[in-house]
Every structure is written in structure tokens, then in C-alpha cells.
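Thank you all for making time this morning. I would like to walk you through one protein model, beginning with the whole chain and then turning to a few residues.

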Amino acid sequence: MTGTTRPTPPAALDPAIAARLKRDAHGLVPAIAQQYDTGEVLMLGWMDDEALHRTLTTGRCTYWSRSRQEYWVKGDTSGHVQHVKSVALDCDADTLLVKVDQVGAACHTGDRTCFDADVLPLAQ
């Protein structure tokens, strides 16, 4: 093996955090993205252990795309980046709250949030 180096194995999610997560049948946890300074709810994405690890270590939101079956970093293609300010696990350990500084639209439709376009009527 002269002249070759063994690749470093990818880093993994902190085992103490991984042990606490309650994942769905596909190994995913819902991740709510919220604007850190206004409290505005921006979107819901999905994270597995690797996506959460990347989010915690890079400062950019990484999600698992259920439709494309691949990781995606918010803003890599659109420029609408989410800079991570904090990440919290809810009391049941089955949902993440990611507070971000959103650059541009959060929704793939171009809306500021994924919850702008279809507000449902409440009974009077």
C-alpha cells in the first residue's frame, strides 16, 4: 500500500444525539425551519442522521429529499440559503426546530414561506 492513503471515514452524528432521536419508519425526523428573529415558520423538511450531522457541522440546512431520494442543501441551486442559528429537539425527540436566517424565498414555489399560499378558512 505504498503511496496510497486510506480515505477518512465520513464523520457521523454525535452518538448521544443519535440515541435520543425518534425516527419514522424511513429513519427520518421532521425539521421545521423558522426565521430566527421574527418567529416566522418557513417550511418543513426531513432529516436523517446524516442530514442533521451536516446541518450541525456546516451551518447550512441539509435535508433528505423523499421524492428525489438524495440530500439537498437549501439554497445550493436557488441561492435561497438557510444559515443555521440554532437547532433544538422537541420534548418527544421526534421533531427538530431549526432556527435560520433565510435568504430569499424558503418555498420552492418562490413564496417567502411554504405556508403563504393556501390559508384554510376557520368555522365561525
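This is a predicted model: local features need pLDDT of at least 70, side-chain atom pairs count only at pLDDT 80 or more; totals for chains, interfaces and linings use all residues.

Residues are numbered from 1 along each chain as its sequence is written, and side-chain values use heavy atoms, with hydrogens and water left out.

Let me start with the fold. The protein has 2 helices and 6 strands, where helices (H or I, at least four residues) and strands (E, at least two) are DSSP runs numbered from the N terminus, and the order of these elements from the N terminus is α-β-β-α-β-β-β-β. The C-alpha trace spans about 75 × 35 × 30 Å along its principal axes. If we take contact to mean heavy atoms within 4.5 Å, then 43% of the contacts with a separation of 6 or more are made by residues 24 or more positions apart.

Now to burial and surface. Of the 124 residues, 31% count as buried, by which I mean under 20% relative accessible area, with exposed being over 50% and partly exposed in between (1.4 Å probe, protein chains only). The protein exposes about 8,100 Å², and carbon and sulfur atoms supply 55% of that area, which comes from the Shrake-Rupley method with a 1.4 Å probe.

Thr-55, in helix H2 (residues 49-58), is by contrast buried, because its relative accessible area is 1%. Leaving out residues up to four places away in sequence, Thr-55 touches Met-47, Arg-60, Cys-61, Thr-62, Val-84 and Val-87.

Finally, is Val-29 buried or exposed? This residue, placed in strand S1 (residues 29-35), is buried, with a relative accessible area of 2%. Beyond its neighbours within four places in sequence, Val-29 is in contact with several residues, including Leu-21, Trp-46, Met-47 and Leu-96. The C-alpha atoms of Val-29 and Met-43, which lie 14 residues apart along the chain, are separated by 14 Å.
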